[in-house]
Amino acid sequence: MAMNDEHEEAARPDDLETSPEELMAMLAAIDVDGALQETAAAAVRATRREVLRSALPLAGAMGAGLLTAGAASAAGGLTANDTAILRFDLALEYLQAGLYTEAERLGAVKPRTLGFSRVVGAHERAHVRAIKGFLGSKAVPSPSFDYRGVTADDAAFVKTAVAFEDLTAALLKWQAPRFDSRSIVAAILTLHSVETRHAAWIRHIVGVLPAATAFDQPAPQNQMAELVASTHFVVSGWSTIAAKRKPGFMG
Amino acid sequence: MTRARLPRVAPVIAVVAAAVAVPLLSGPAHGVEPHAADVHTNAASLFASLGASPRPAFAPGRPQLLSRNTPEYRWATVTRPVTARGAPGGGSAVAALSTRTPEGTTNLVLVLGSAWRHGVEWVHVRLPVLPNNSTGWVPRSALGGYQFVTTHLVIDLHRLRATLMKDGRPIFTAPVGVGEPQWPTPRGEFYVRDELTDYASPFYGPIAFGTSARSSVLTEWPDGGFVGIHGTDEPQLVPGNVSHGCIRMRNSDILRLAKLMPVGTPLTIE
(Lines give C-alpha, C1' and ligand atoms only; values in the text may rest on other atoms or scores of the structure.)
Protein backbone atom coordinates (compact mmCIF):
# COMPACT_ATOMS: atom_id res chain seq x y z
CA MET A 1 0.00 0.00 0.00
CA ALA A 2 1.46 3.32 -1.03
CA MET A 3 2.05 5.66 1.87
CA ASN A 4 3.39 8.73 0.10
CA ASP A 5 0.76 11.46 0.08
CA GLU A 6 2.89 14.58 -0.20
CA HIS A 7 0.82 15.82 -3.10
CA GLU A 8 -2.55 14.54 -2.03
CA GLU A 9 -5.53 16.76 -2.63
CA ALA A 10 -8.89 16.56 -0.93
CA ALA A 11 -11.00 13.97 -2.70
CA ARG A 12 -14.71 13.30 -2.97
CA PRO A 13 -15.93 9.77 -2.26
CA ASP A 14 -16.63 9.16 -5.93
CA ASP A 15 -12.98 9.68 -6.70
CA LEU A 16 -12.07 6.57 -4.78
CA GLU A 17 -13.62 3.58 -6.48
CA THR A 18 -12.59 1.07 -3.86
CA SER A 19 -14.74 -1.98 -3.34
CA PRO A 20 -15.77 -2.97 0.19
CA GLU A 21 -13.53 -6.00 -0.09
CA GLU A 22 -10.59 -3.81 -1.00
CA LEU A 23 -11.40 -1.49 1.84
CA MET A 24 -11.41 -4.28 4.34
CA ALA A 25 -8.13 -5.57 2.96
CA MET A 26 -6.47 -2.23 3.58
CA LEU A 27 -5.49 -3.00 7.12
CA ALA A 28 -4.01 -6.33 6.17
CA ALA A 29 -2.19 -4.79 3.23
CA ILE A 30 -0.10 -2.42 5.32
CA ASP A 31 3.56 -3.22 5.12
CA VAL A 32 4.42 -2.98 8.78
CA ASP A 33 8.18 -2.98 8.29
CA GLY A 34 7.95 -0.29 5.66
CA ALA A 35 5.67 1.77 7.83
CA LEU A 36 8.04 1.59 10.73
CA GLN A 37 11.00 2.50 8.56
CA GLU A 38 9.20 5.49 7.13
CA THR A 39 8.08 6.66 10.53
CA ALA A 40 11.51 6.19 12.03
CA ALA A 41 13.06 8.17 9.21
CA ALA A 42 10.54 10.94 9.72
CA ALA A 43 11.37 10.90 13.44
CA VAL A 44 8.86 11.96 16.02
CA ARG A 45 7.50 15.32 14.99
CA ALA A 46 5.02 15.49 17.84
CA THR A 47 4.64 13.65 21.07
CA ARG A 48 1.34 12.09 22.02
CA ARG A 49 0.86 14.82 24.60
CA GLU A 50 1.41 17.49 21.96
CA VAL A 51 -1.07 15.88 19.63
CA LEU A 52 -3.58 15.55 22.40
CA ARG A 53 -3.10 19.15 23.44
CA SER A 54 -3.65 20.30 19.89
CA ALA A 55 -6.97 18.49 19.83
CA LEU A 56 -8.21 19.94 23.09
CA PRO A 57 -8.99 23.45 21.78
CA LEU A 58 -11.60 21.84 19.56
CA ALA A 59 -13.74 22.92 22.44
CA GLY A 60 -16.79 22.32 24.59
CA ALA A 61 -18.70 20.67 27.36
CA MET A 62 -20.39 17.32 27.45
CA GLY A 63 -24.15 17.24 27.22
CA ALA A 64 -26.30 16.30 30.17
CA GLY A 65 -23.78 14.14 31.97
CA LEU A 66 -24.09 11.46 29.34
CA LEU A 67 -20.64 10.02 29.73
CA THR A 68 -20.82 10.10 33.46
CA ALA A 69 -23.99 8.10 33.57
CA GLY A 70 -24.16 6.50 36.96
CA ALA A 71 -24.48 2.85 37.69
CA ALA A 72 -27.68 1.44 36.32
CA SER A 73 -29.50 -1.35 38.04
CA ALA A 74 -28.42 -4.79 36.98
CA ALA A 75 -30.45 -6.53 34.30
CA GLY A 76 -30.07 -9.82 32.53
CA GLY A 77 -27.15 -10.87 34.70
CA LEU A 78 -25.30 -7.61 34.24
CA THR A 79 -24.03 -6.00 37.40
CA ALA A 80 -24.58 -2.32 37.97
CA ASN A 81 -20.84 -1.78 37.72
CA ASP A 82 -20.54 -3.52 34.36
CA THR A 83 -23.62 -1.75 33.04
CA ALA A 84 -22.22 1.65 33.94
CA ILE A 85 -18.86 0.97 32.29
CA LEU A 86 -20.46 -0.38 29.13
CA ARG A 87 -22.80 2.59 28.90
CA PHE A 88 -19.77 4.84 29.01
CA ASP A 89 -18.17 2.79 26.25
CA LEU A 90 -21.32 2.91 24.15
CA ALA A 91 -21.48 6.68 24.36
CA LEU A 92 -17.85 6.87 23.33
CA GLU A 93 -18.43 4.49 20.44
CA TYR A 94 -21.36 6.63 19.26
CA LEU A 95 -19.11 9.64 19.21
CA GLN A 96 -16.28 7.91 17.37
CA ALA A 97 -18.58 6.20 14.89
CA GLY A 98 -20.22 9.54 14.16
CA LEU A 99 -16.88 11.24 13.67
CA TYR A 100 -15.64 8.74 11.11
CA THR A 101 -19.02 8.39 9.43
CA GLU A 102 -19.27 12.13 8.87
CA ALA A 103 -15.71 12.31 7.55
CA GLU A 104 -16.47 9.53 5.10
CA ARG A 105 -19.74 11.08 3.99
CA LEU A 106 -18.21 14.52 3.46
CA GLY A 107 -15.15 13.11 1.71
CA ALA A 108 -13.23 16.32 2.32
CA VAL A 109 -10.12 14.87 3.96
CA LYS A 110 -7.09 13.53 2.12
CA PRO A 111 -7.49 10.16 0.37
CA ARG A 112 -5.31 8.29 2.86
CA THR A 113 -7.26 9.75 5.78
CA LEU A 114 -10.51 8.97 3.99
CA GLY A 115 -9.46 5.34 3.58
CA PHE A 116 -8.69 5.17 7.28
CA SER A 117 -12.08 6.69 8.10
CA ARG A 118 -13.95 4.19 5.97
CA VAL A 119 -12.39 1.18 7.63
CA VAL A 120 -12.31 2.51 11.18
CA GLY A 121 -15.83 3.91 10.86
CA ALA A 122 -17.05 0.47 9.82
CA HIS A 123 -15.39 -0.97 12.92
CA GLU A 124 -16.81 1.64 15.28
CA ARG A 125 -20.31 1.20 13.90
CA ALA A 126 -19.95 -2.55 14.51
CA HIS A 127 -18.83 -1.79 18.07
CA VAL A 128 -21.90 0.40 18.58
CA ARG A 129 -24.16 -2.32 17.30
CA ALA A 130 -22.58 -4.98 19.50
CA ILE A 131 -22.55 -3.03 22.76
CA LYS A 132 -25.98 -1.54 22.16
CA GLY A 133 -27.40 -4.97 21.40
CA PHE A 134 -25.78 -6.44 24.50
CA LEU A 135 -27.06 -3.70 26.80
CA GLY A 136 -30.56 -3.88 25.36
CA SER A 137 -32.91 -1.68 27.34
CA LYS A 138 -29.98 -0.42 29.41
CA ALA A 139 -28.34 1.17 26.38
CA VAL A 140 -28.04 4.94 26.35
CA PRO A 141 -29.48 6.64 23.25
CA SER A 142 -27.11 8.39 20.91
CA PRO A 143 -26.77 12.10 21.59
CA SER A 144 -26.49 14.66 18.82
CA PHE A 145 -23.04 15.64 17.65
CA ASP A 146 -21.51 18.70 16.11
CA TYR A 147 -17.97 17.95 15.01
CA ARG A 148 -17.37 21.65 14.42
CA GLY A 149 -15.73 21.40 11.06
CA VAL A 150 -13.14 18.83 12.12
CA THR A 151 -14.45 16.25 9.66
CA ALA A 152 -13.77 18.60 6.75
CA ASP A 153 -10.27 19.65 7.86
CA ASP A 154 -7.65 16.97 7.37
CA ALA A 155 -5.11 18.34 9.84
CA ALA A 156 -7.66 18.79 12.60
CA PHE A 157 -9.27 15.45 11.86
CA VAL A 158 -6.15 13.33 12.12
CA LYS A 159 -5.09 15.02 15.33
CA THR A 160 -8.52 14.41 16.79
CA ALA A 161 -8.43 10.79 15.66
CA VAL A 162 -5.02 10.25 17.25
CA ALA A 163 -6.27 11.67 20.51
CA PHE A 164 -9.38 9.52 20.56
CA GLU A 165 -7.76 6.28 19.42
CA ASP A 166 -4.82 6.57 21.80
CA LEU A 167 -7.06 7.35 24.71
CA THR A 168 -9.64 4.70 23.84
CA ALA A 169 -6.98 2.00 23.91
CA ALA A 170 -5.73 3.31 27.23
CA LEU A 171 -9.28 3.55 28.58
CA LEU A 172 -10.13 -0.06 27.76
CA LYS A 173 -6.94 -1.10 29.52
CA TRP A 174 -8.13 0.78 32.59
CA GLN A 175 -11.63 -0.70 32.41
CA ALA A 176 -10.76 -4.35 31.76
CA PRO A 177 -9.70 -5.31 35.30
CA ARG A 178 -12.69 -3.41 36.70
CA PHE A 179 -15.38 -5.54 35.07
CA ASP A 180 -17.14 -8.05 37.29
CA SER A 181 -17.78 -10.42 34.39
CA ARG A 182 -14.88 -12.27 32.79
CA SER A 183 -17.04 -12.78 29.73
CA ILE A 184 -17.25 -9.02 29.31
CA VAL A 185 -13.50 -8.75 29.78
CA ALA A 186 -13.10 -11.31 27.00
CA ALA A 187 -15.38 -9.24 24.77
CA ILE A 188 -13.66 -5.96 25.59
CA LEU A 189 -10.28 -7.45 24.75
CA THR A 190 -11.54 -8.19 21.25
CA LEU A 191 -12.23 -4.47 20.88
CA HIS A 192 -9.09 -3.33 22.62
CA SER A 193 -6.65 -4.84 20.15
CA VAL A 194 -8.61 -3.31 17.28
CA GLU A 195 -8.50 0.11 18.92
CA THR A 196 -4.73 -0.16 19.35
CA ARG A 197 -4.41 -0.98 15.64
CA HIS A 198 -6.49 2.11 14.87
CA ALA A 199 -4.22 4.15 17.11
CA ALA A 200 -1.08 2.89 15.41
CA TRP A 201 -2.57 3.43 11.95
CA ILE A 202 -3.62 7.02 12.50
CA ARG A 203 -0.39 7.80 14.33
CA HIS A 204 1.48 6.65 11.28
CA ILE A 205 -0.70 8.82 9.04
CA VAL A 206 -0.06 11.89 11.16
CA GLY A 207 3.67 11.15 11.33
CA VAL A 208 3.92 10.06 14.94
CA LEU A 209 5.70 6.86 15.96
CA PRO A 210 3.00 4.15 15.84
CA ALA A 211 4.37 2.16 18.77
CA ALA A 212 6.09 4.66 20.97
CA THR A 213 6.38 2.73 24.23
CA ALA A 214 7.25 -0.76 25.43
CA PHE A 215 4.37 -0.71 27.90
CA ASP A 216 1.17 1.28 27.48
CA GLN A 217 -0.38 2.87 30.52
CA PRO A 218 -4.11 2.77 31.29
CA ALA A 219 -6.09 5.98 31.37
CA PRO A 220 -9.12 6.47 33.61
CA GLN A 221 -12.62 7.27 32.43
CA ASN A 222 -12.51 10.81 33.71
CA GLN A 223 -9.58 11.53 31.39
CA MET A 224 -11.66 10.44 28.40
CA ALA A 225 -14.65 12.40 29.68
CA GLU A 226 -12.44 15.48 29.90
CA LEU A 227 -11.26 15.02 26.33
CA VAL A 228 -14.82 14.63 25.06
CA ALA A 229 -15.97 17.63 27.05
CA SER A 230 -13.14 19.74 25.69
CA THR A 231 -14.20 19.08 22.11
CA HIS A 232 -17.81 20.34 22.51
CA PHE A 233 -18.76 17.61 20.05
CA VAL A 234 -21.82 16.60 22.07
CA VAL A 235 -24.63 19.09 21.64
CA SER A 236 -28.17 19.50 22.86
CA GLY A 237 -30.85 22.12 23.13
CA TRP A 238 -32.49 21.92 19.74
CA SER A 239 -35.68 20.29 18.59
CA THR A 240 -37.31 19.86 15.23
CA ILE A 241 -40.34 18.03 16.59
CA ALA A 242 -42.85 19.92 18.69
CA ALA A 243 -45.99 18.86 20.50
CA LYS A 244 -49.00 20.95 21.49
CA ARG A 245 -48.32 23.66 18.92
CA LYS A 246 -51.14 24.32 16.47
CA PRO A 247 -49.88 24.54 12.89
CA GLY A 248 -50.02 27.90 11.17
CA PHE A 249 -49.72 26.48 7.68
CA MET A 250 -52.10 27.56 4.94
CA GLY A 251 -54.18 24.40 5.08
CA MET B 1 1.48 -21.28 8.24
CA THR B 2 -1.11 -22.92 6.05
CA ARG B 3 -4.02 -24.92 7.36
CA ALA B 4 -2.82 -27.99 5.39
CA ARG B 5 0.46 -28.10 7.28
CA LEU B 6 -1.09 -27.78 10.70
CA PRO B 7 -1.91 -31.47 11.39
CA ARG B 8 1.68 -32.57 10.75
CA VAL B 9 3.24 -30.02 13.09
CA ALA B 10 0.55 -30.11 15.76
CA PRO B 11 1.97 -33.15 17.61
CA VAL B 12 5.37 -31.51 17.64
CA ILE B 13 3.91 -28.34 19.14
CA ALA B 14 2.09 -30.37 21.78
CA VAL B 15 5.22 -32.23 22.86
CA VAL B 16 7.26 -29.02 22.97
CA ALA B 17 4.54 -27.25 24.91
CA ALA B 18 4.30 -30.09 27.36
CA ALA B 19 8.05 -30.25 27.81
CA VAL B 20 8.10 -26.53 28.55
CA ALA B 21 4.96 -26.39 30.62
CA VAL B 22 5.58 -29.23 33.03
CA PRO B 23 8.90 -27.98 34.42
CA LEU B 24 7.59 -24.45 34.55
CA LEU B 25 4.37 -25.28 36.30
CA SER B 26 5.57 -28.03 38.58
CA GLY B 27 8.94 -26.62 39.54
CA PRO B 28 12.44 -27.96 38.96
CA ALA B 29 12.81 -31.72 38.54
CA HIS B 30 16.09 -31.86 40.53
CA GLY B 31 17.77 -34.29 38.20
CA VAL B 32 14.83 -36.64 37.88
CA GLU B 33 14.01 -37.24 34.21
CA PRO B 34 10.24 -37.42 33.72
CA HIS B 35 8.99 -40.43 31.82
CA ALA B 36 7.50 -39.55 28.42
CA ALA B 37 4.10 -40.98 29.35
CA ASP B 38 4.09 -38.95 32.57
CA VAL B 39 4.85 -35.79 30.63
CA HIS B 40 1.80 -36.31 28.44
CA THR B 41 -0.43 -37.14 31.38
CA ASN B 42 0.77 -34.27 33.56
CA ALA B 43 0.52 -31.74 30.72
CA ALA B 44 -2.99 -32.83 29.83
CA SER B 45 -4.16 -32.57 33.43
CA LEU B 46 -2.46 -29.24 33.93
CA PHE B 47 -4.00 -27.71 30.82
CA ALA B 48 -7.39 -29.18 31.74
CA SER B 49 -7.16 -27.63 35.19
CA LEU B 50 -6.96 -24.17 33.61
CA GLY B 51 -10.57 -24.54 32.55
CA ALA B 52 -12.24 -23.20 29.44
CA SER B 53 -11.78 -19.56 28.54
CA PRO B 54 -14.86 -17.46 29.21
CA ARG B 55 -16.90 -16.91 26.12
CA PRO B 56 -16.96 -13.22 25.09
CA ALA B 57 -20.18 -11.62 26.25
CA PHE B 58 -20.66 -10.00 22.85
CA ALA B 59 -18.92 -9.89 19.51
CA PRO B 60 -18.80 -6.93 17.15
CA GLY B 61 -19.36 -9.09 14.10
CA ARG B 62 -18.73 -7.81 10.62
CA PRO B 63 -17.68 -4.19 10.01
CA GLN B 64 -20.65 -2.00 9.13
CA LEU B 65 -19.68 -0.41 5.83
CA LEU B 66 -21.62 2.58 4.56
CA SER B 67 -23.60 2.07 1.42
CA ARG B 68 -21.97 3.95 -1.42
CA ASN B 69 -24.70 3.62 -3.98
CA THR B 70 -27.61 5.36 -2.32
CA PRO B 71 -28.36 9.08 -2.32
CA GLU B 72 -27.66 10.93 0.91
CA TYR B 73 -28.72 14.39 1.95
CA ARG B 74 -27.55 16.49 4.85
CA TRP B 75 -29.00 19.30 6.86
CA ALA B 76 -27.95 21.44 9.78
CA THR B 77 -29.60 23.57 12.42
CA VAL B 78 -29.15 27.34 12.37
CA THR B 79 -27.32 28.09 15.61
CA ARG B 80 -27.18 31.89 15.37
CA PRO B 81 -28.99 34.53 13.32
CA VAL B 82 -27.14 34.92 10.06
CA THR B 83 -27.51 36.58 6.68
CA ALA B 84 -27.31 34.24 3.72
CA ARG B 85 -25.13 35.65 0.95
CA GLY B 86 -25.13 35.23 -2.79
CA ALA B 87 -21.63 33.81 -2.90
CA PRO B 88 -19.17 32.10 -0.56
CA GLY B 89 -17.22 34.70 1.33
CA GLY B 90 -19.69 37.47 0.70
CA GLY B 91 -21.84 38.80 -2.09
CA SER B 92 -25.20 40.44 -1.74
CA ALA B 93 -27.57 39.54 1.04
CA VAL B 94 -30.12 36.94 -0.02
CA ALA B 95 -32.10 36.33 3.17
CA ALA B 96 -31.93 36.57 6.92
CA LEU B 97 -32.01 33.26 8.74
CA SER B 98 -33.26 33.03 12.31
CA THR B 99 -32.70 30.22 14.76
CA ARG B 100 -36.41 29.42 15.15
CA THR B 101 -39.22 28.58 12.77
CA PRO B 102 -42.66 30.22 13.02
CA GLU B 103 -43.74 27.02 14.76
CA GLY B 104 -41.13 27.57 17.49
CA THR B 105 -38.92 24.67 16.47
CA THR B 106 -35.22 24.95 15.74
CA ASN B 107 -34.67 26.32 12.26
CA LEU B 108 -32.71 24.19 9.84
CA VAL B 109 -31.41 24.34 6.31
CA LEU B 110 -30.71 21.71 3.68
CA VAL B 111 -27.03 21.66 2.79
CA LEU B 112 -26.09 21.62 -0.89
CA GLY B 113 -22.31 21.96 -0.71
CA SER B 114 -19.45 23.93 0.77
CA ALA B 115 -16.46 26.02 -0.21
CA TRP B 116 -13.50 27.62 1.55
CA ARG B 117 -12.75 31.33 1.21
CA HIS B 118 -9.84 32.95 3.02
CA GLY B 119 -9.64 30.15 5.54
CA VAL B 120 -13.36 30.18 6.31
CA GLU B 121 -15.73 27.39 5.32
CA TRP B 122 -18.96 28.56 3.70
CA VAL B 123 -21.96 26.30 3.24
CA HIS B 124 -24.37 26.45 0.31
CA VAL B 125 -27.89 26.00 1.65
CA ARG B 126 -31.44 25.89 0.44
CA LEU B 127 -33.45 28.73 1.97
CA PRO B 128 -37.03 28.84 3.31
CA VAL B 129 -37.77 32.18 1.64
CA LEU B 130 -39.52 33.69 -1.34
CA PRO B 131 -38.92 33.41 -4.16
CA ASN B 132 -39.12 29.65 -3.79
CA ASN B 133 -36.03 27.63 -4.76
CA SER B 134 -33.73 30.32 -3.36
CA THR B 135 -30.30 29.28 -2.16
CA GLY B 136 -27.51 31.15 -0.40
CA TRP B 137 -24.20 30.83 1.42
CA VAL B 138 -23.66 31.02 5.16
CA PRO B 139 -20.55 30.54 7.29
CA ARG B 140 -20.19 26.99 8.57
CA SER B 141 -19.89 28.45 12.06
CA ALA B 142 -23.52 29.61 11.93
CA LEU B 143 -24.75 26.04 11.59
CA GLY B 144 -24.87 23.08 13.94
CA GLY B 145 -23.72 19.55 13.33
CA TYR B 146 -24.58 17.82 10.09
CA GLN B 147 -27.44 15.35 10.11
CA PHE B 148 -27.90 12.88 7.29
CA VAL B 149 -31.01 11.39 5.71
CA THR B 150 -31.50 8.98 2.83
CA THR B 151 -35.17 9.78 2.26
CA HIS B 152 -36.68 12.06 -0.40
CA LEU B 153 -40.35 13.00 -0.70
CA VAL B 154 -41.76 13.66 -4.17
CA ILE B 155 -45.17 15.28 -4.71
CA ASP B 156 -46.62 14.79 -8.16
CA LEU B 157 -49.10 17.63 -8.68
CA HIS B 158 -50.43 16.09 -11.89
CA ARG B 159 -51.05 12.59 -10.54
CA LEU B 160 -51.92 13.94 -7.06
CA ARG B 161 -49.65 11.44 -5.34
CA ALA B 162 -46.91 11.56 -2.74
CA THR B 163 -44.03 9.10 -2.97
CA LEU B 164 -41.35 8.70 -0.34
CA MET B 165 -38.04 7.35 -1.57
CA LYS B 166 -35.49 5.76 0.76
CA ASP B 167 -32.08 4.66 -0.42
CA GLY B 168 -33.33 5.44 -3.91
CA ARG B 169 -36.36 3.15 -3.74
CA PRO B 170 -40.04 4.01 -3.19
CA ILE B 171 -41.23 2.89 0.24
CA PHE B 172 -44.46 4.84 0.54
CA THR B 173 -47.07 6.28 -1.77
CA ALA B 174 -50.43 7.88 -1.09
CA PRO B 175 -52.97 10.17 -2.75
CA VAL B 176 -52.80 13.85 -1.81
CA GLY B 177 -54.87 16.97 -1.91
CA VAL B 178 -53.03 20.04 -3.20
CA GLY B 179 -53.72 23.70 -3.88
CA GLU B 180 -56.71 24.96 -5.79
CA PRO B 181 -55.86 26.65 -9.11
CA GLN B 182 -56.00 30.15 -7.56
CA TRP B 183 -53.75 29.06 -4.68
CA PRO B 184 -51.36 26.64 -6.37
CA THR B 185 -48.94 24.50 -4.43
CA PRO B 186 -45.52 25.85 -5.46
CA ARG B 187 -43.26 23.70 -7.60
CA GLY B 188 -39.60 23.27 -6.90
CA GLU B 189 -37.01 21.88 -4.51
CA PHE B 190 -37.64 22.23 -0.79
CA TYR B 191 -37.19 20.32 2.46
CA VAL B 192 -39.11 19.21 5.52
CA ARG B 193 -38.07 21.31 8.47
CA ASP B 194 -40.25 20.34 11.41
CA GLU B 195 -42.94 18.02 12.66
CA LEU B 196 -45.87 19.02 14.87
CA THR B 197 -47.86 16.55 16.94
CA ASP B 198 -50.51 16.46 19.67
CA TYR B 199 -52.20 19.72 18.75
CA ALA B 200 -55.95 20.21 19.02
CA SER B 201 -56.97 20.92 15.43
CA PRO B 202 -58.90 18.29 13.49
CA PHE B 203 -58.48 20.43 10.37
CA TYR B 204 -54.76 19.49 10.21
CA GLY B 205 -55.27 15.87 11.25
CA PRO B 206 -52.98 14.13 13.78
CA ILE B 207 -49.59 15.23 12.41
CA ALA B 208 -48.32 18.16 10.38
CA PHE B 209 -44.93 18.60 8.76
CA GLY B 210 -43.62 22.08 8.06
CA THR B 211 -41.69 22.63 4.84
CA SER B 212 -39.50 25.33 3.38
CA ALA B 213 -42.00 25.94 0.55
CA ARG B 214 -44.12 29.10 0.65
CA SER B 215 -47.15 30.26 -1.21
CA SER B 216 -46.27 32.84 -3.82
CA VAL B 217 -49.89 33.97 -3.84
CA LEU B 218 -50.98 34.09 -0.20
CA THR B 219 -47.98 36.13 0.89
CA GLU B 220 -49.89 37.86 3.69
CA TRP B 221 -50.83 34.60 5.38
CA PRO B 222 -50.01 34.62 9.11
CA ASP B 223 -46.77 32.82 9.98
CA GLY B 224 -45.43 33.36 6.47
CA GLY B 225 -47.71 31.22 4.34
CA PHE B 226 -45.61 28.08 4.57
CA VAL B 227 -46.73 24.89 2.87
CA GLY B 228 -47.48 22.10 5.31
CA ILE B 229 -47.95 18.39 4.78
CA HIS B 230 -50.69 17.26 7.11
CA GLY B 231 -53.77 15.16 7.74
CA THR B 232 -57.34 16.27 7.28
CA ASP B 233 -60.85 16.06 8.70
CA GLU B 234 -62.24 15.87 5.16
CA PRO B 235 -60.68 12.69 3.73
CA GLN B 236 -63.32 12.51 1.02
CA LEU B 237 -61.64 15.49 -0.70
CA VAL B 238 -58.38 13.57 -1.18
CA PRO B 239 -57.13 13.30 -3.92
CA GLY B 240 -57.98 16.65 -5.41
CA ASN B 241 -57.12 20.32 -5.85
CA VAL B 242 -58.69 21.37 -2.59
CA SER B 243 -56.26 23.34 -0.41
CA HIS B 244 -54.76 26.80 -0.02
CA GLY B 245 -51.46 25.30 -1.16
CA CYS B 246 -50.78 22.75 1.59
CA ILE B 247 -50.44 19.05 0.89
CA ARG B 248 -53.19 17.11 2.57
CA MET B 249 -53.25 13.38 3.22
CA ARG B 250 -55.72 11.02 4.78
CA ASN B 251 -54.95 10.63 8.45
CA SER B 252 -53.95 6.99 8.13
CA ASP B 253 -51.47 7.96 5.42
CA ILE B 254 -49.90 10.88 7.31
CA LEU B 255 -49.46 8.63 10.34
CA ARG B 256 -47.76 6.03 8.15
CA LEU B 257 -45.57 8.69 6.55
CA ALA B 258 -44.53 10.05 9.94
CA LYS B 259 -43.00 6.70 10.82
CA LEU B 260 -40.88 6.73 7.69
CA MET B 261 -39.88 10.33 7.01
CA PRO B 262 -37.39 12.17 9.24
CA VAL B 263 -37.15 15.93 9.47
CA GLY B 264 -34.60 17.24 6.99
CA THR B 265 -35.91 15.10 4.15
CA PRO B 266 -35.64 16.87 0.77
CA LEU B 267 -38.98 17.63 -0.87
CA THR B 268 -39.56 17.85 -4.60
CA ILE B 269 -42.88 19.27 -5.80
CA GLU B 270 -43.32 18.75 -9.54
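Helix H4 (residues 80–106) of chain A packs against helix H5 (residues 111–135) of chain A at an angle of about 150°, with the two axes 8 Å apart. Because of that angle, H4(A) is roughly antiparallel to H5(A) (angles over 145 degrees count as roughly antiparallel). Axes here are lines fitted to C-alpha atoms, for helices over the stretch in contact, and angles run from 0 to 180 degrees between N-to-C directions. Helices (H or I, at least four residues) and strands (E, at least two) are DSSP runs, numbered from the N terminus.

This is a predicted model, in which local features need pLDDT of at least 70 and side-chain atom pairs count only at pLDDT 80 or more, while totals for chains, interfaces and linings use all residues. Residues are numbered from 1 along each chain as its sequence is written, and chains are lettered from A and ligands numbered from 1 in the order in which they are written.

The residues of H4(A) that meet H5(A) include A:Leu86, A:Leu90, A:Tyr94 and A:Ala97; on the H5(A) side, A:Leu114, A:Val128 and A:Ile131 are among them. Two residues are in contact if their C-beta atoms, placed from the backbone, lie within 7 Å. By class, this contact of H4(A) with H5(A) has 11 nonpolar, 5 polar and 8 charged residues. Ala, Val, Leu, Ile, Met, Phe, Trp, Tyr, Cys and Pro count as nonpolar, Asp, Glu, Lys and Arg as charged, and the others, Gly among them, as polar.

Further along chain A comes helix H7 (residues 182–206), whose 25 residues should span 36 Å at 1.5 Å a residue (1.5 Å times one less than the number of residues). The end C-alpha atoms of H7(A) are 36 Å apart, which agrees. Just after H7(A), A:Gly207 takes a positive phi of about 90°.

Chain B is assigned domain 1 (73–148) and domain 2 (151–269), with bounds that come from an automatic or database domain assignment. Taken over C-alpha atoms, the centres of these domains of chain B are 23 Å apart. Their contact takes 14 residues from domain 1 of chain B and 18 residues from domain 2 of chain B. On the domain 1 side, strand E1 (73–77) and strand E4 (108–117) of chain B each supply at least two residues.

Chain B also touches chain A: 57 residues of chain B are in contact with 47 residues of chain A. Strand E12 (188–197) of chain B is one of the elements that give two or more residues to this side, and E12(B) gives the most, with 5 residues.

Technical notes: Angles under 35 degrees count as roughly parallel, over 145 as roughly antiparallel, 65 to 115 as roughly perpendicular and the rest as oblique.
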